[in-house]
Amino acid sequence: MLGERIRELRKRKNMTLRELASELGIPFTTLGNYERGDRSPDFDLVLEIAKYFGVSMDYLTRGDDIVNFDEYQVIRYTEDFNQMLSKTEPGVREQILKIHDILFFLTCDHAIGNQENKELDYLQKIFNSILKAKNGFGMGIKKGGFSPSEKYELLKLAQKEKEEIDKSLNELFEIYIEK
């Protein structure tokens with residue numbers, strides 16, 4: 001399995017045995033032995049090969065279909081999202097899917113083209129501010145309610161995050177106007 005994966009990755013990069021062996025600092029005959037399965041590389045070399053090709057060690061050694069951590073995150077997120085939706089009431093599920101569609105349409109042109117990502121930066125700032133505010137309010141919930149000083153601190157947090165959102169929205173609208 002390991003040898004086959006090394007050969008597959010090498011060929012994808014249109015490299016010869018000698019070229020990859022040179023990059024890894026090993027004799028090409030040794031690399032040939034690894035690819036044929038006659039010998040096995042040590043842990044450090046497997047790690048170096050994984051880093052060189054930008055793949056996980058599991059992809060190299062166990063034959064996992066998931067090539068790297070980014071791909072793992074996408075698959076895991078999709079599974080988690082689908083599981084959450086399956087347990088959600090229909091009306092709420094519809095709202096979540098509408099929000100998901102909006103996010104998709106706001107961001108999909110960045111996935112396709114090599115455009116400058118200022119728009120994504122501002123969108124991320126807006127959502128981070130909303131999340132910070134929500135977490136700040138949620139962490140302050142306690143039995144008996146908030147004291148006046150706690151309410152004041154929560155209002156300061158809300159105001160700060162609102163200012164960040166307003167600033168990011170203004171920058172975002174400038175981008176949209178310029179397009």
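These legends accompany several close-up views of a predicted model.

View 1. The protein holds 9 helices and 0 strands, and from the N terminus on its elements run α-α-α-α-α-α-α-α-α. Its radius of gyration is 25 Å, well over the 16 Å that the globule rule gives for 179 residues, so the protein is more spread out than a compact globule. Taken along the principal axes, the box that the C-alpha atoms fill is roughly 75 × 45 × 35 Å. Of the 179 residues, 25% count as buried, and among contacts between residues at least 6 apart in sequence, 48% join residues at least 24 apart.

**View 2. The crossing of helices α2 and α3.** Helix α2 covers residues 17–24 and helix α3 covers residues 28–36, and their axes come within 8 Å of each other and cross at roughly 105°. Because angles of 65 to 115 degrees count as roughly perpendicular, α2 is described as roughly perpendicular to α3. On the α2 side the contact is made by L17, R18, L20 and A21, and on the α3 side by F28, L31, G32 and E35. Sorted by class, the residues of this contact divide into 5 nonpolar, 1 polar and 2 charged.

**View 3. R18 beside F28.** R18 has its place in helix α2 and counts as exposed, at 54% relative accessibility. Although R18 and F28 are 10 residues apart in sequence, they are 5.0 Å apart in space, C-alpha to C-alpha. Both residues also belong to the contact between α2 and α3, R18 from α2 and F28 from α3.

**View 4. The crossing of helices α1 and α3.** The axes of α1 and α3 come within 6 Å and cross at roughly 120°. From α1 the contact is made by G3, E4, I6, R7 and R10, and these meet L31, Y34, E35 and R36 of α3. By class, the contact of α1 with α3 has 3 nonpolar, 1 polar and 5 charged residues.

**View 5. R10, a buried arginine in helix α1.** The place of R10 is in helix α1, and with a relative accessible area of 8% this residue is buried, because buried means under 20% relative accessible area. Leaving aside residues up to four places away in sequence, R10 touches M15, T16, L17, L20, E35 and F53. One of these, E35, is also listed among the α3 residues that make the contact with α1.

**View 6. The largest nonpolar core.** In soluble globular proteins, nonpolar side chains tend to be buried together. The largest nonpolar core here has 19 residues, of which I6, L20, I26, L31, I49, V55 and L60 touch the most other members. Helices α1 (2–12), α2, α3, α4 (43–53) and α5 (57–61) each supply at least two residues of this core, and α4 gives the most, with 5 residues.

View 7. L60 is among the members of the largest core that touch the most other members. Not counting residues up to four places away in sequence, L60 touches M1, L2, R5, I6, L9, V46, I49, A50 and V55. A second core, separate and made of 6 residues, includes L123, I126, I165 and L172.

Methods
Residues numbered from 1 in each chain as written. Predicted model: local features only at pLDDT ≥ 70, side-chain atom pairs only at ≥ 80, totals over all residues. Heavy atoms only, no water. Axes fitted to C-alpha atoms, helices over the stretch in contact; angles between N-to-C directions. Helix = DSSP H or I, 4+ residues; strand = E, 2+ residues; numbered from the N terminus. Parallel < 35°, antiparallel > 145°, perpendicular 65-115°, else oblique. Contact = heavy atoms within 4.5 Å. Nonpolar A, V, L, I, M, F, W, Y, C, P; charged D, E, K, R; others polar. Core = buried A, V, L, I, M, F, W, Y, C linked by side-chain atoms within 4.5 Å. Buried < 20%, exposed > 50% of the residue type's maximum accessible area, 1.4 Å probe, protein only. Rg over C-alpha atoms; globule rule 2.2 N^0.38 Å.
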